[in-house]
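This report describes the fold, the surface and selected side-chain pairings of a single chain. The sequence and the structure are shown first.

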Amino acid sequence: DHSYMTWAGYGTQDVPILGGDLDVDFTFENDPKIQNHNLLVGIDHNWNSRTDIGATLNLLRSSDQANIFSETKYLTHLDSLIHFQVNSLNHSKWNNLLSSAYLEHRLNENSRLNLYIDYLHFDNQNPTLADQQFFDENKNLIQREEELFANEVRSFSETAINIGVAKFDFY
């Protein structure tokens, strides 16, 4: 999947750190690329006249890369124009595994022994890098003495979940 979206807006806000009342004009562009792959396999087998076994395995791999560009123009109460540009790269990777297995055994006409096992593995890695700059009305880079906003922001998000469950029945 490769799509593209853009939107724009205008508003006013009060930002004391930038001098108070601001008129804000912004544009936003997103250019994501998404790939998904899924594999599902399963088997049921009659081992013998009294025993059945089976298993399923579901693998999912997904990659989502988004290049996001945002430009905001701030008009301060002092009639100065400040451009704020952000270029962000996000690359999310998902790896999931769902699996289950079973064994059903008939001991006699009235008794059974059953075993069920399930396992889930979920892994998501989502690093983001954002580069942000301030420019004056002539598009000259504003060199800031105070670093209120970092020029580059990195974030790392990683989630791993592993769950296993077993069930044993005898009746």
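Lys 167 is partly exposed, because its relative accessibility of 44% falls between the limits of 20% and 50%. The coordinates belong to a predicted model, and the values below are computed from them.

**A salt bridge at Lys 167**

The side chain of Lys 167 meets that of Asp 169 in a salt bridge, with 3.6 Å from N to O. Asp 169 is also partly exposed, at a relative accessible area of 21%.

**Overall architecture**

The secondary structure of the chain consists of eight strands and zero helices. Read from the N terminus, the order of elements is β-β-β-β-β-β-β-β. The radius of gyration is 28 Å, whereas the globule rule gives 16 Å for 171 residues, so the chain is more spread out than a compact globule. Along the principal axes, the C-alpha atoms fill a box of roughly 90 × 30 × 25 Å.

Of the 171 residues, 23% count as buried. The chain exposes about 11800 Å², and carbon and sulfur atoms supply 55% of that area. Among contacts with a separation of 6 or more, 64% are between residues 24 or more positions apart.

**Charges and salt bridges**

The chain carries 11 positive and 25 negative side chains. The centres of these two sets lie 15 Å apart. A search of the whole structure finds four salt bridges. The table lists examples, including the pair described above.

| Positive residue | Negative residue | N to O distance |
| Lys 33 | Asp 31 | 3.6 Å |
| Lys 139 | Glu 71 | 3.2 Å |
| Lys 167 | Asp 169 | 3.6 Å |

The closest N and O atoms of Lys 139 and Glu 71 are 3.2 Å apart. Which of the categories, buried or partly exposed, applies to Glu 71? Glu 71 is buried, because its relative accessible area of 14% is under 20%.

In the pair formed by Lys 33 and Asp 31, Lys 33 has a relative accessible area of 35% and is partly exposed. Asp 31 counts as partly exposed as well, with 23% relative accessibility.

**Surroundings of two further residues**

Met 5 is placed in strand E1 (residues 5-15). With 41% relative accessibility, Met 5 counts as partly exposed. Leaving aside residues up to four places away in sequence, Met 5 touches Phe 28, Glu 29 and Asn 30. From Met 5 to Asp 44 the separation is 39 residues in sequence and 46 Å in space, C-alpha to C-alpha.

Ser 111 lies in the loop between strand E4 (81-106) and strand E5 (112-125). What does Ser 111 touch, not counting residues up to four places away in sequence? Its contacts are His 105, Arg 106 and Tyr 171. Ser 111 counts as buried, because its relative accessibility of 17% is under the 20% limit.

Definitions and conventions: Residues are numbered from 1 along each chain as its sequence is written. This is a predicted model: local features need pLDDT of at least 70, side-chain atom pairs count only at pLDDT 80 or more; totals for chains, interfaces and linings use all residues. Side-chain values use heavy atoms; hydrogens and water are left out. Helices (H or I, at least four residues) and strands (E, at least two) are DSSP runs, numbered from the N terminus. The radius of gyration is taken over C-alpha atoms; the globule rule is 2.2 Å times the number of residues to the power 0.38. Buried means under 20% relative accessible area, exposed over 50%, partly exposed in between (1.4 Å probe, protein chains only). Contact means heavy atoms within 4.5 Å. Accessible areas come from the Shrake-Rupley method with a 1.4 Å probe; for residues, only the protein chains shown count as cover. Lys and Arg count as positive and Asp and Glu as negative; His and the chain ends are not counted. The place of a charge is taken as NZ of Lys, CZ of Arg, CG of Asp or CD of Glu.
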